[in-house]
Amino acid sequence: VAYSRKLWMTTLPESFFEGGYNPFATPNATDEEMDLMPWATSWKGRLPYTLARGLVFQEGRRLQQLATYEDLVRLPGSYWVGPDGRTVHIHALGSGDPNGKSFEAAVQPHLFKPQDAGFGFLRVSGLILEHCANSFLRTGIGALFTMGGHHWIIERNTVRHVNSVGIEIGFEIYEDTDKRYTRRADAKLGHTIVRGNRVYDCGTAGIRGLINNYALVENNEITECGWQDAEYHWETAGIKLLLNTGTLVRNNDISRIEAGGGIWLDWDNKNSRVTGNVLRDISTAQGAVFVEASQEPNLVDHNVFWNIDGQGVRMADTDNLIVAHNLFVRVKEDLIVARVATERDLGGRRLTSNNNRVVNNIFVDAEKPINFGDASNRADFNVYLTTPGAASMKPLASETHSVFMKGDVKLNGEELLLTWTPGQALPSVPAVKGCERDFAGVERASEASVAGPFVGMSRAATFLLKRTLVGGQAAMMSGPPASLVTAATSTH
């Protein structure tokens, strides 16, 4: 194999680094930052946490940072940062002479943030925010950072090509070595809306936030995030929100996420809901949707899961979660997991994984069954469908009303058209409180409905999963007429 040896070098001027922040001399996570995340300390001193935060772009394309100089010759479109934190060695795209080409070095830790914490009633709309050199710490690092603000509306923005987190909301900010969190005297007001944004090519997470009261995260397109391959410091996902009360995550299109889940609601979630989302082509060590360490009721409903290299829904250390009216297609690990995973306490009680309900879902070409650790968890009224040539997965023995059938389902990834062909009519299922309308907003019959995210899945039909970025709707394209409703305007 012949390797190109056309490597080039440049020295970044000091004028690039205003305020003393040089991301090319600072690792993604310093030892001090890793110590603030005890769940991540086993990765201290390892890749990718030791790589520099600074990004390099050629003609607008992000180059790949390598840890070893000798590897540069093998990969056009890569760079290596010298020990001085200013010398950058480049193997240009096309392997030719890069002189005369446009290059950019990303050096800013944030692209948009207020000067002070807790600022309220701000709308950020229609911006393009790109090329941010932020860190891996859990808080205070978003390219677009509310800095603990409340009553923000973040809409119709494009956030892309970010070293770590794209958009950060939530009350908590700035963990540091002197005190775990920055002390604030103001109330945890929350009420932030994040809607209609395009977030892509973020290294760890698209949208993240710690302590979210009555947040609304809807109609966002989040794709191609997680390329840092840093899942095992457990702060990665398309959307990761911690300590949620009354938070609604709905109608988002989350795709091509690597080394992270799709939606993760982490720790002590209360009365929060994940609904109407499309989660596809996700590779994770955990779940495409993960509701963690929660004791009060929450709801995961009317979502479409497609091609998940990981678990479908993970509810580790979680009680009282309802998983209803979802469609799962080709989930490679456990369809649903409800088990105790850690020895932790919440509210003075040891965490358990009890009293969860999995009902009225459709599982297509499942490879592994539902995984319950306690008999109080119940699954029933689900449909298990096998497509031609796929291995069959039958319901659990305890699912006395669940059914198995043959059929077919296809997804046009460009148009997000779902073609549904069941082998027989779907049986009626009991109503679930809170699930009165389907994915498209069609009202379900009060006395009975059918499994899955669409009322029209009782027979063959084609469904549109794509929504406009703001105020969108999904439509049943064939079959009986459907009354379409626009997504409700938030009153948060």
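This is a predicted model: local features need pLDDT of at least 70, side-chain atom pairs count only at pLDDT 80 or more; totals for chains, interfaces and linings use all residues.
Visitor: What is the radius of gyration of the protein, and what would a compact globule with 492 residues have?

Guide: The C-alpha trace spans about 70 × 60 × 40 Å along its principal axes. A compact globule with 492 residues would have a radius of gyration near 23 Å, and the protein agrees with this, at 23 Å.

Visitor: How many helices and strands does the secondary structure of the protein come to?

Guide: Of the contacts with a separation of 6 or more, 65% are between residues 24 or more positions apart, and 57% of the 492 residues count as buried. The secondary structure that goes with these values comes to one helix and 42 strands.

Visitor: Which residues does Gly209 touch, not counting those up to four places away in sequence?

Guide: Gly209 is found in strand 16, which covers residues 205-213, and it is buried, with a relative accessible area of 4%. Its C-alpha is 9.0 Å from that of Gly142, a residue 67 positions away in sequence. With residues up to four places away in sequence left out, Gly209 touches Ile169, Gly170, Lys240, Leu241 and Leu242.

Visitor: How many disulfides does a search of the whole structure find?

Guide: A disulfide is a covalent bond between the sulfur atoms of two cysteines, and the search counts a pair when these atoms are within 2.5 Å. The sulfur of Cys225, a buried residue with a relative accessible area of 0%, has its closest cysteine sulfur in Cys202 at 4.3 Å, which is too far for a bond. Cys132 is likewise buried, with a relative accessible area of 0%, and its sulfur is 9.0 Å from the closest cysteine sulfur, again in Cys202, so that this pair is also too far apart for a bond. For the whole structure, the number of disulfides found is zero.

Visitor: What is the phi of Phe381?

Guide: Most residues other than glycine have a negative phi. Tyr174, in the loop between strand 13 (165-169) and strand 14 (193-195), has a positive phi of about 50° although it is not a glycine, and it is partly exposed, with a relative accessible area of 25%. Phe381, in the loop between strand 35 (378-380) and strand 36 (383-386), is partly exposed as well, with a relative accessible area of 22%. Its phi is positive, at about 60°.

Visitor: How far apart do the centres of the positive and negative side chains lie?

Guide: The accessible surface comes to about 20000 Å², and 49% of it belongs to carbon and sulfur atoms. The protein has 48 positive and 55 negative side chains, and the centres of these two sets are separated by 3 Å.

Conventions. Residues are numbered from 1 along each chain as its sequence is written. Side-chain values use heavy atoms; hydrogens and water are left out. Helices (H or I, at least four residues) and strands (E, at least two) are DSSP runs, numbered from the N terminus. The radius of gyration is taken over C-alpha atoms; the globule rule is 2.2 Å times the number of residues to the power 0.38. Buried means under 20% relative accessible area, exposed over 50%, partly exposed in between (1.4 Å probe, protein chains only). Contact means heavy atoms within 4.5 Å. Accessible areas come from the Shrake-Rupley method with a 1.4 Å probe; for residues, only the protein chains shown count as cover. Lys and Arg count as positive and Asp and Glu as negative; His and the chain ends are not counted. The place of a charge is taken as NZ of Lys, CZ of Arg, CG of Asp or CD of Glu.
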